[in-house]
Amino acid sequence: MLTDKVASLDVERIRADFPILASTLHAADDRPGVPLVYLDNAASTQRPRQVIQSIVDTYEKHYANVHRGIHWLSDQSTDLYEESRNKVRAFVNADDSGEVLFTRGTTESINLVARSWCDANLRAGDEILLTEMEHHSNIVPWQQAAERTGAVVRFLPITDDGRLDLDVLDQFLTERTRVFAVAAISNVLGTINPLETLIARAHAAGALVLVDAAQSVPHQPTDVSALGADFVAFSGHKMLGPSGVGVLYARRDLLDAMPPFLGGGSMIRKVTTSGFEPADLPSKFEAGTPPIVSAIALGAAIDYLQGQGMEAIQQHEHRLCVLAHEVLDSVGGVQRLGPSPGDKCGIVSFKLDRVHAHDVAQILDRQGIAVRAGHHCAMPLHKRLRVAASTRASFYLYNTPHEVEQLGRALEAAKSIFRRKS
Amino acid sequence: MSPNEDELYQEHILDHYEDPFHRGKCPRPTHAHEDENPLCGDVVRIELAMESDGTIRDAYFDGDGCCISQASASMLVERIHGRPAEEVKNFSANDMLELFGAKLTPNRQKCCLLPWRALQSAMYSPVGAEDTDDKS
């Protein structure tokens, strides 16, 4: 729970660490530009100098392939890569670095489980439970697994205010449910799902739980050991790290029993003309040359986040979220999607009456404000909400109350363009 | 408001968006096609009543989407109304962007060209034989 004891972020000092936040957009010969207001953090965040410097340092001083060479650089590179894995382990409080796999992102992490675990364990008639608020990356891999295995994909409904409908959970979580895949936080609604309850109920029903933590790990403290989830997936680029690297945390006993996902170098102990023996964890699931530099820079991103404090970041975003709700309500004609700020994080999606989401985003862009418009890779959710497209503002540690107020003023401008006939 | 924004959301375009030409069902359509932009969910349906010589006797559109896609549909339907089939078939993507007028980024060009794509398919889609895939 949030408390007042958490120190506030020094946002001005933080902003000075992010070179891109000083950008000016849309400058032309006849007019000055407008400063960037970056409110598209749920899609991808920006990077501080410290992370960018880590990338430069690795390439300039330490780079070679990992787990390969006898030579000095390869040792350096391997040490940094494994050091970063250990930072991730500590950041999410896993017991064992072997349970922390580097992938290319949340999508690959989920595909790894859907491919390896499902193919080995699911049979026709088994059920995979998802929810109506999932991102496509936590839907399609399971649909593909269902096609291969004959399993059935079911969707736990949401309520009209954008929460999981726990009243009907028992109807959906049955003895046939083998795996329950759920977002920790909805990438559209911002809803913070009650993972403790969901995991306890799923385990009681005999199902494994995969948590899509792409929107939670970057924004609040995470403790996978306390949570008791079986699989937890997240991405580097949503937490100040580079794109192209992500993480799958999974329980060691599950990973030991699962067949490798991708085959290739690194993931083997021995290869002969008649077959192969997989390597130990975590290498077993890291075929080929991994995203070495990105993984090392993810460690730098974690250092940066921990330097600010995850609780302080969470509290800062909560304040921005509360303010954003006030601002949106004062604009008028705004339909907010999702629950009230008490049950959500710093993601605010909405529809502006009579103005399509793309037009909203375009008009905001002209004032330097970057938001997402569309279905945000959650088409089933938008269908459920009967909304074709929405506009989403999402905050991070470097956003300011002033920027939220700018959003409100820009929405007023959008309204005035389209309100000529009303 | 910056000049660019003035250009995109100019009077002419907003007029088509808020007071469109022939939005609705075409009486006795002979050809029809519905297309969507999966990126944003915009939908445009074009319905045509074509004479035996190919002249577009009547043209209507319906749809759901942003100002660009809906205004361009209105402009396009107005433009082809009463025109010979050959002229409509030769009406190119560039002609459409020119007709729309405002300068568009590549992403928004897709919005603008959605009705044009639907029209070009509709020209070859007699009613009854049209693609009935679930587009939801």
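Among contacts in chain B between residues at least 6 apart in sequence, what percentage join residues at least 24 apart?

Analyst: The model is predicted. In chain B, 64% of the contacts between residues at least 6 apart in sequence join residues at least 24 apart. The chain has 136 residues, and 49% of them are buried. Its secondary structure consists of six helices and three strands.

His26(A) sits in the loop between β1 and β2 (34-35) of chain A. Its relative accessibility is 24%, so His26(A) is classed as partly exposed. A further backbone feature of chain A is the cis peptide bond from Leu281(A) to Pro282(A), with omega near 0 degrees. Pro282(A) belongs to the loop between β12 (275-278) and α10 of chain A.

A pair of aromatic rings is described by the distance of the centres and the angle of the planes. Over all chains, seven aromatic pairs are counted. One of them joins Phe18(A) and Tyr304(A), with 5.8 Å from centre to centre and 85 degrees between the planes, an edge-to-face arrangement. Phe18(A) lies in the loop between α1 (11-16) and β1 (24-25) of chain A, while Tyr304(A) lies in helix α10 (residues 292-308), so this pair ties together parts 286 residues apart in sequence. Both Phe18(A) and Tyr304(A) are buried. A further pair is Tyr396(A) with Tyr398(A): the ring centres are 5.8 Å apart and the planes stand at 75 degrees, so this pair is edge-to-face. Tyr396(A) and Tyr398(A) are buried too. Phe18(A), Tyr304(A), Tyr396(A) and Tyr398(A) form one aromatic cluster.

The helix packing comes last. Two packed helices are described by the angle between their axes and the distance between the axes. In chain A, the axes of helix α12 (residues 357-366) and helix α14 (residues 401-418) come within 9 Å and cross at roughly 120 degrees. That angle makes α12(A) oblique to α14(A), because the range for roughly perpendicular axes is 65 to 115 degrees and that for roughly antiparallel axes is over 145. The crossing of α12(A) past α14(A) is right-handed. On the α12(A) side, the contact residues are Asp359(A), Val360(A), Ile363(A) and Leu364(A). They meet Leu407(A), Ala410(A), Leu411(A), Ala414(A), Ile417(A) and Phe418(A) in α14(A). Sorted by class, this contact has nine nonpolar residues, no polar ones and one charged residue.

Key:
Residues are numbered from 1 along each chain as its sequence is written. Chains are lettered from A and ligands numbered from 1 in the order in which they are written. This is a predicted model: local features need pLDDT of at least 70, side-chain atom pairs count only at pLDDT 80 or more; totals for chains, interfaces and linings use all residues. Side-chain values use heavy atoms; hydrogens and water are left out. Axes are lines fitted to C-alpha atoms, for helices over the stretch in contact, and angles run from 0 to 180 degrees between N-to-C directions. Helices (H or I, at least four residues) and strands (E, at least two) are DSSP runs, numbered from the N terminus. Angles under 35 degrees count as roughly parallel, over 145 as roughly antiparallel, 65 to 115 as roughly perpendicular and the rest as oblique. A crossing is left-handed if the near helix is turned anticlockwise from the far one by less than a right angle, and right-handed if clockwise. Contact means heavy atoms within 4.5 Å. Ala, Val, Leu, Ile, Met, Phe, Trp, Tyr, Cys and Pro count as nonpolar, Asp, Glu, Lys and Arg as charged, and the others, Gly among them, as polar. Rings of Phe, Tyr and Trp (its six-membered ring) pair if their centres lie within 6.5 Å; planes under 30 degrees apart count as stacked, over 60 as edge-to-face and the rest as tilted. Buried means under 20% relative accessible area, exposed over 50%, partly exposed in between (1.4 Å probe, protein chains only).
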